[in-house]
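Let's walk through a structure together, one feature at a time. Have a look at it first, then we'll talk.

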Amino acid sequence: MEFLDVIHKRHSIRQFDSKEIDVKKLESLLQIISSAPSAGDLQSYELVLVKDQSHREALAHAALGQEFIHTAPVVLVFCANADRAKQKYGHRGEILYSVQDATIAATYAQLAAVELGLATTWVGAFDEEYVRDIVGELKPICIMPIGYPAEKPEPTPRRPIKDITHYEHL
Ligand SMILES: Cc1cc2nc3c(=O)[nH]c(=O)nc-3n(C[C@H](O)[C@H](O)[C@H](O)COP(=O)(O)O)c2cc1C
C-alpha cells in the first residue's frame, strides 16, 4: 500500500471480527515495530503480546471497562523500559526517552496494522497498577487491541493546521 493510503485508512477501530491473526502476519507486524527509531538505538520498551482470553478480559477491565478491547484476538501492551534508557541517559532517559521509544513503537504498530489489513485502537485510559498486575512490572504506555475491523468509522475532524503550526515561536 502507498504510504499516504496507509495514513488515510488508519482509523481507531472498536469493533473486531473474531478471526484469528495468522502467525506470519504477527511476525511481520513485530518486524515492522522493531524497525522504529529509538534513543541511542536502545529500544527501551517491551512489548507484551496477549492472546489468552481471560488476560484480554482483565486488560479491558483495567482499561476502565472498555470492553471492546477483549473482542480483538490479540492485545498488545507497550511498556517503557526505564532502566534500560537510564543506563545511558540518566534521568532524561528514565522519564522521557523510554516513554518516547514505547510511543513511537506503538505508532509504528498502528500503521503496520493497516498495511497488513488489520486495525487497532490506541488505549491510554487504564489503571496502571492493574495493568502491571496482568502483564508484569514495567510502566505500561499503551494498550492496543489488534484484529480485523468489523466497522468502518468516518474520519474524525482535526484541528486546523494554522492553529497547530507556529512559525518561529508560539
Ligand atoms: C494517547 C492516546 C490515548 C487514547 N486513549 C483511548 C482510550 O482510552 N480509548 C479509546 O477508545 N480511544 C483512545 N484513543 C484513541 C483516540 O480517541 C483516537 O485516536 C482519536 O479520537 C482520533 O481518531 P482516529 O484514531 O480514528 O483518527 C487514544 C489515543 C491516543 C493517542
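**Reading loops and a ligand site**

A: Gln43 counts as partly exposed because its relative accessibility is 29%. The scale goes like this: buried is under 20% relative accessible area, exposed is over 50%, and partly exposed is in between, with a 1.4 Å probe and protein chains only. Bear in mind that this is a predicted model, where local features need pLDDT of at least 70, side-chain atom pairs count only at pLDDT 80 or more, and totals for chains, interfaces and linings use all residues. Residues are numbered from 1 along each chain as its sequence is written, and side-chain values use heavy atoms, with hydrogens and water left out.

Q: Where does Gln43 lie?

A: Helices (H or I, at least four residues) and strands (E, at least two) are DSSP runs, numbered from the N terminus. Gln43 sits in the loop between helix H2 (23–34) and strand E1 (45–50). Its phi is positive, about 50°, although Gln43 is not a glycine.

Q: What about Leu64, is it buried or exposed?

A: Leu64 counts as exposed, because it has 60% relative accessibility. Leu64 is in the loop between helix H3 (53–62) and strand E2 (74–80), and its phi is positive too, near 55°, in a residue other than glycine.

Q: And how do I read Thr121, buried or exposed?

A: Thr121 is at 2% relative accessibility, so it counts as buried. You'll find Thr121 in the loop between strand E3 (119–120) and helix H5 (128–135).

Q: Which residues is Thr121 in contact with?

A: Contact means heavy atoms within 4.5 Å. Leaving aside neighbours within four places in sequence, Thr121 touches Ser12, Ile13, Arg14, Phe68, Gln110, Ile143, Met144 and Pro145. With Ile13 there's a polar contact: a polar atom of the Thr121 side chain lies 2.7 Å from the backbone oxygen of Ile13. The rule there is a pair of N or O atoms within 3.5 Å; within protein, one must be able to donate a hydrogen and the other to accept it, and residues adjacent in sequence count only if both atoms are side-chain atoms.

Q: Which residues come nearest to the ligand?

A: A residue is near a molecule if one of its heavy atoms lies within 4 Å of it. There are 13 residues around the ligand, and Arg10, Ser12, Arg14, Gln66 and Trp122 come nearest. A side-chain N or O atom of Arg14 is 2.7 Å from a ligand oxygen, and for Arg158 that distance is 2.9 Å.
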